[in-house]
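Subject: Structure handover and findings

Hello,

Please find the structure below, with the sequence. My notes on what was found in it follow.

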Amino acid sequence: MDTKVDNDKRNANVKPQKLTAFGGYYTNKVPGHDPELTETGPGTPMGEYMRGFWHPVCMSAQLGDTPLFLKILTEELVAFRDKSGAIGVLHAHCVHRGASLEYGAIQEHGIRCCYHGMVFDVDGTCIHVPFPKGEEKEAERFACSIQQGAYKAFERNGLVFAYMGPPDLEPPFPEWEENFTVAPGDELVPYSNFQHANWLQVQDNAADNFHPTALHNSSNVVDENFQGTTFNEVGAASMEVPPDMHFVPIHEGRGLACAGARRVDKDRLFIRVQHQALPNLSLHAYTSESGVAKKHFSRFHIIRWTVPVDDENSVMLGWRVMGPGIDTRGIGVREMVGYETIDFLEGQVAMRRPERFGDYKLEDFPPIPANHRERACYKDAQQAPGDYEAITTQRPIAVHALENPTKFDAGVYLFRKMLRDAVRGTNPNASAESFYNWLKTWSGAPNSYCSGNVLDVPQGATVEDEVLQRRAITKRLVQILTESDSMKGDVRTAFVKAQMVALEVSAGQVQATAAQTTAAQAQGL
């Protein structure tokens, strides 16, 4: 059989894809979204998976003298701090007749429903039922027959965390590296940023390490209407350089290391490693790196959970690490970190800073605009868009079937696959139960790959040499982090830094040899 002739006949019958000018008619049908990954209500595959983890649900500062209504994972909830200091996260609708506890009165212990006066403790126990005098015993019996839906909750560094899964499967809270690598003198500063979009496209953005090349580039600003949305404006121009990306599943598929190499100048290479942990945690290295000074194993700068509100809204809750240990350039602004604001690039939330801080104080809780179009800063945002604009305008729920990815989107698609494998059980290591056991072996404090690194690595003699070199160095850096994963604390830090020094030396030796070879060839030796 003539295989070549057979293939030629087959190829002759294949019609090339026709790209039709003004052909919007042929692409105007919008398919449905991906429910397996995007929908998180009770009983949905992703919703049940997410309920196996701790999630931040609000800022501690939001808990005042009245209850806070919340929607998390499409469930209507109320959060409060009772007068004894205990934190309650309860189903919003009273188990008696359905009135919302957001209108309840906070008690010494628990909360009292406004409708009939029943009092529920933070664990959902009914501790008081008002009955007529002389019928107290019957009231006690009734109280013992009902239970308000409740979730275990606690406070940590200005955030309230809740566990919304089966009580008997409560996992340890993941204290990454015991203290989230906060250096002495630094602090975890809480923030809450609402997003008018499905949780997954917000989380996708963290794995999309290539988007700063355009979105956060000063050339993207219309007619130089700069508003603080680009890295150039904060003196971190190296973040606008297109990165050479390397994506590696880590911790047996429980997380993803996203390593990006950017050339700062002819002598230095900036390699930033982001860590995405299933299902919705992202750990970010220093976001304002200038690259002008050598740096080995710089740690967490932003710690962020993307928490579903419902299927079309979500909230980024986390900490900005503030202080000289991480912020080596000293440009962080603590007074811009809080509710609906963060000192990272402008354009992270619906409200822009002139309105947020012109009309409100940091400690205020301003009303959130209805959507990305109905807001005072709409025109400004068109001139200098930020992450919020790029994320929310993908539709309330992004339609994956309409996407046409490039190789630079590999991190997004790899993380989605890891989520799907976890939900379907095709990677048992990523199940909530396996996470539970894994965290217990780490005493709740596993290591992170998150790190920012500026290495003394001379530029390659040719473009081809440079590409091969930066890819090899990026892969080796991730290998070093993997080799160190069995170590803890100062021992691990010392090992990683020593290996990075060795990596610099080896790269320099390769460059020196290449230069000698080039010189010899030029002299005809």
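Strand E7 (residues 119–120) pairs with strand E8 in the antiparallel sense, over two bridges. Helices (H or I, at least four residues) and strands (E, at least two) are DSSP runs, numbered from the N terminus, and two strands pair if DSSP finds at least two bridges between them. Valine 119 has histidine 128 in E8 as its bridge partner. Both strands belong to an open sheet of four strands with antiparallel pairing, in the order E5-E6-E7-E8. Its edge strands are E5 (105–106) and E8 (126–128), each of which pairs on one side only. As background, strands of a sheet pair through backbone hydrogen bonds, either parallel or antiparallel.

Before the rest, a note on the source. This is a predicted model in which local features need pLDDT of at least 70 and side-chain atom pairs count only at pLDDT 80 or more, while totals for chains, interfaces and linings use all residues. Residues are numbered from 1 along each chain as its sequence is written, and side-chain values use heavy atoms, with hydrogens and water left out.

The hairpin

E12 and E13 form a hairpin with four residues between them. The two strands, E12 (residues 244–250) and E13 (residues 255–263), run antiparallel and are joined by seven bridges. Histidine 246 stands opposite alanine 259 in E13. E12 is mostly covered, with five of its seven residues buried. Here buried means under 20% relative accessible area, exposed over 50%, and partly exposed in between (1.4 Å probe, protein chains only).

Which residue in the turn has a positive phi of about 50 degrees? It is histidine 251, found in the loop between E12 and E13. Histidine 251 counts as buried because its relative accessibility is 10%. Glutamate 252 is found in the loop between E12 and E13 too, and its phi is near 60 degrees, a positive value in a residue other than glycine. For context, most residues other than glycine have a negative phi, and most peptide bonds are trans.

The side chain of glutamate 252 also meets that of arginine 254 in a salt bridge (2.8 Å, N to O). A salt bridge is a side-chain nitrogen of Lys or Arg within 4 Å of a carboxyl oxygen of Asp or Glu. Arginine 254 is buried, since its relative accessible area is 4%.

Other salt bridges

How many salt bridges does a search of the whole structure find? The search finds 28. One of them joins arginine 471 to aspartate 244, with the closest N and O atoms 2.9 Å apart. Arginine 471 lies in helix H11 (residues 463–483) and aspartate 244 in strand E12, so this pair ties together parts that are 227 residues apart in sequence. Arginine 471 is partly exposed at 39% relative accessibility, whereas aspartate 244 is buried at 11%.

Another salt bridge is formed by glutamate 175 and arginine 156, whose closest N and O atoms are 2.5 Å apart. Glutamate 175 lies in the loop between strand E10 (159–163) and strand E11 (187–195), and arginine 156 in strand E9 (residues 150–156), so the pair ties together parts 19 residues apart in sequence. Glutamate 175 is partly exposed at 24% relative accessibility; arginine 156 is buried at 17%.

Two prolines

Proline 166 lies in the loop between E10 and E11 and is partly exposed, with a relative accessible area of 38%. Proline 166 and tyrosine 151 are 15 residues apart in sequence and 9.5 Å apart in space, C-alpha to C-alpha. Proline 279 lies in the loop between strand E14 (268–277) and strand E15 (281–284). A cis peptide bond joins leucine 278 to proline 279, with omega about -5 degrees.

A charged patch

Glu135, Glu136, Glu138 and Glu140 gather in a patch of negative charge on the surface. In such a patch, residues have over 30% relative accessible area and no salt bridge, and like charges are joined within 9 Å (nonpolar side chains: Val, Leu, Ile, Met, Phe, Trp, Tyr, within 5 Å). Glutamate 138 is found in helix H4 (residues 136–143) and counts as partly exposed at 41% relative accessibility.

Regards

How values were computed. Accessible areas come from the Shrake-Rupley method with a 1.4 Å probe; for residues, only the protein chains shown count as cover. Lys and Arg count as positive and Asp and Glu as negative; His and the chain ends are not counted. The place of a charge is taken as NZ of Lys, CZ of Arg, CG of Asp or CD of Glu.
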